[in-house]
Amino acid sequence: MSHTEYNGCELPDDLFYDLDYVWVRPEDDGTFTLGITDPAQTMAGRVQYFRFRKPGSHRAAGKPVARLESGKWAGGIPTPFDGTIERINPAVEADPGLVNVAPYTDAWVVVMRPDDPEAALERLHTGAEAIAGLKQWVDRYDIHCMRCAD
């Protein structure tokens, strides 16, 4: 996985981003894995609680697939496209703090099946454009990522 590092934040350049706090990875079976970015988990602080929508739930774009709570922040994780939740991550359900350690790998949040796979990535950004947008986000909130290295 090739990635840019900025202010200590990992920004993989092969993922798709909503340029707020969600990353998306297309899978070979037509599903999409969603998670939260390194800068977003840093801003949230230690995640203490994760509440998922049930697998099989249909979510419209912008609606939350899960809700997280930390000492500093509580909020929903929005899906960037209309689709159905196929799977939730049992590891994150069991240990919400995993998001603070491995936001792009072990701590993915949900797997979604989009209603329209062709249009699923339309509102998302990838590559150099995404990295530039994420760097602006990091600057705007003055974020410096620090994580427990594995």
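Start inside the protein: this predicted model has one cavity of 30 Å³ or more. The space in the largest cavity comes to about 70 Å³.

To find the cavity, select Tyr-21, Ile-36, Ala-40, Met-43, Ala-44, Leu-68, Trp-73 and Trp-137, the residues that line it. Colour them by residue class. The lining has eight nonpolar residues, with no polar and no charged ones. Which element gives the largest share of this lining? Select helix H1, residues 38–44: three lining residues come from there.

Next, go to the strands. Select strand E3, residues 16–17, together with strand E4, residues 22–26. The two strands run antiparallel and are joined by two bridges. Show Phe-16 and look across to E4, where Val-24 stands opposite. Then follow the chain through the hairpin of E3 and E4, which has four residues between the strands. Stop at Leu-19, whose phi is positive, near 60°.

Return to Val-24: Leu-34 is its bridge partner in E5. The last stop is the turn between E4 and E5, a hairpin with five residues between the strands. Select Gly-30 in this turn: its phi is positive, about 90°.

Key
Residues numbered from 1 in each chain as written. Predicted model: local features only at pLDDT ≥ 70, side-chain atom pairs only at ≥ 80, totals over all residues. Heavy atoms only, no water. 1 Å grid on protein atoms, 1.4 Å probe; cavity = no way out; pocket = protein on both sides within 12 Å on 5 of 7 lines; lining within 4 Å. Points joined across faces, edges and corners; volume = space filled by probe spheres on them. Nonpolar A, V, L, I, M, F, W, Y, C, P; charged D, E, K, R; others polar. Pairing = 2+ DSSP bridges.
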